[in-house]
Structure formats: structure tokens, C-alpha cells
Amino acid sequence: MSLMHEEAELLYASVDGTVERVVQLLEEGQLVVLPCDTIYGLSGVVGQTLSRLQELKPGQQYAVLASLEQAQQLCVVPSDLAMHWPCPLTAILPNRDGNGSTAIRVPKDPFIQTLLARLGKPIYSTSVNDRGYAITNITDIIFTYKQKVQAIVVDPNRRRDTPSTLLDCTTTPYTLLRCGEYDASALLS
């Protein structure tokens, strides 16, 4: 894996122009670290960056962050699930093309919602955590990724470090795979 020669740009979610800069980087096929509605995520545009993400984190599963409309274009979204989104709930759904399934989340975070709307495309996301330990401190995230991604977006007001709840919605009834930030009990009854 080749590392970048320059250090990542540090951007702040609350600063004007950050969304536009991140959109530009993502459209160029760059990888970025984003403050998601759960934990910080390593991200890139769906359809452009999967091989680079897999190079950086081999064997990792990648969720897709999308607007509800984007999620409905990619997957078959049950109406009971659609009523719960946006929230920190990742659902494994059958792909609309009938080929496999995708873990997808419609995030509630305003920064990510704005980013997805401006980009007009869904993005891959996987936690910045490394196998065996959690990285929730922004200083550790910067240290770990500063030469591996093009930018790191910092949200100084962020106080979340719990992953999303994960449901397999390809089964009836749905199967809870991971307890997380969102109480999905209404979808499990």
C-alpha cells in the first residue's frame, strides 16, 4: 500500500466551505475521515474507492451512507424501516438489482446529510477503529490517518463513540446483529 507524501488536510465541520471542500475531494476519488452520526468513519464515494479502502483496511466490511432517496435507489427499503430513518441504524438490505445485499444507513448527522445532498452520491464508511482496539480520540484518529487519507474532518462538538445499531433486514423477522446507538426494538417486534 502506498502512503501519501503529504499530511491530510484538517477541516472543521462547523467552518464555512468544509462541505464544498469534502465534496471536491470525494469527487476526485480521495479518501477522507468524517465525523459520522455514530463514530468517525473512513469514507470514499461508492463505485470509485472500494479497492483503495480495502487496501487501507483489508477484510473490513463497508457500510454505505446515503440519503433515503439514494438508499431506495440502491436497495429494497421496507416502509417500516424507512419510517425510522434518518438515525444511527445500519440495515442490511437486498440490493435493488437482485444481486446480494448492502449494509446501508441514512444518517441523522446534519453535516453528513448536507454532504450527501451536495455530493449527490452515497459514500462508503467504515469505522476508523483498528482491529482489536477503538480509536475515539480525535488526536489518535489524526495520528493514525494523517498520511493515509486526503482530509480529516473534525467536529469539536462531537461526543459520540457508540457504533450504529445493525439489523439484518433480509430475514423475517429482522435479526439484530449489533446493539448500538439506536433503539431498534420497535423493528424487532
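**Exercise 1. Find what the side chain of Thr 165 reaches, and describe its surroundings.**

*Step 1.* A polar atom of the Thr 165 side chain lies 3.2 Å from the backbone nitrogen of Gly 180. This is a polar contact, that is, a pair of N or O atoms within 3.5 Å; within protein, one must be able to donate a hydrogen and the other to accept it, and residues adjacent in sequence count only if both atoms are side-chain atoms.

Before going on, note that you are working with a predicted model, in which local features need pLDDT of at least 70 and side-chain atom pairs count only at pLDDT 80 or more, while totals for chains, interfaces and linings use all residues. Residues are numbered from 1 along each chain as its sequence is written, and side-chain values use heavy atoms, with hydrogens and water left out.

*Step 2.* Helices (H or I, at least four residues) and strands (E, at least two) are DSSP runs, numbered from the N terminus.

*Step 3.* Thr 165 has a relative accessible area of 1%, so it is buried. The cut-offs are under 20% for buried, over 50% for exposed, and partly exposed in between, with a 1.4 Å probe and protein chains only.

*Step 4.* List some partners. Not counting residues up to four places away in sequence, Thr 165 touches several residues, including Pro 88, Leu 176 and Tyr 182. Contact here means heavy atoms within 4.5 Å.

**Exercise 2. Work out which residues of helix H5 are buried and how they are arranged.**

*Step 1.* Helix H5 covers residues 110–119, and its buried residues are Phe 111, Ile 112, Leu 115, Leu 116 and Leu 119.

*Step 2.* Look down the axis of H5: the buried residues fall within an arc of 130°, so they line one face of the helix. The arc is that of the directions from the helix axis to the C-beta atoms. Here is the background: an α-helix has 3.6 residues a turn, so residues three or four places apart point the same way.

*Step 3.* Turn to the face directed away from the buried side, where you will find the exposed residues Pro 110 and Ala 117.

*Step 4.* Check both ends. At the N-terminal end, Asp 109 caps H5 with a side-chain oxygen 3.0 Å from the backbone nitrogen of Phe 111. Just after the helix, Gly 120 has a positive phi of about 75°.

*Step 5.* Zoom in on Leu 115, which is buried with a relative accessible area of 0%. Leaving aside neighbours within four places in sequence, Leu 115 is in contact with Val 19, Val 22, Val 23, Leu 26, Leu 34 and Ile 123.

**Exercise 3. How many disulfides does the structure hold?**

*Step 1.* A disulfide is a pair of cysteine sulfur atoms within 2.5 Å.

*Step 2.* The count is zero. For Cys 36, the nearest cysteine sulfur is that of Cys 87, 14 Å away.

*Step 3.* The sulfur of Cys 87 has its closest cysteine sulfur in Cys 169, at 11 Å, which is too far for a bond.

*Step 4.* Compare burial: Cys 36 is buried at 1% relative accessible area, and Cys 87 is buried at 3%.

**Exercise 4. Describe the protein as a whole.**

*Step 1.* Its secondary structure comes to seven helices and 10 strands.

*Step 2.* The radius of gyration is 16 Å, close to the 16 Å that the globule rule gives for 189 residues, so the protein is as compact as a globular protein of that length. This radius is taken over C-alpha atoms, and the rule is 2.2 Å times the number of residues to the power 0.38.

*Step 3.* Along the principal axes, the C-alpha atoms fill a box of roughly 50 × 35 × 30 Å.

*Step 4.* Of the 189 residues, 47% are buried.
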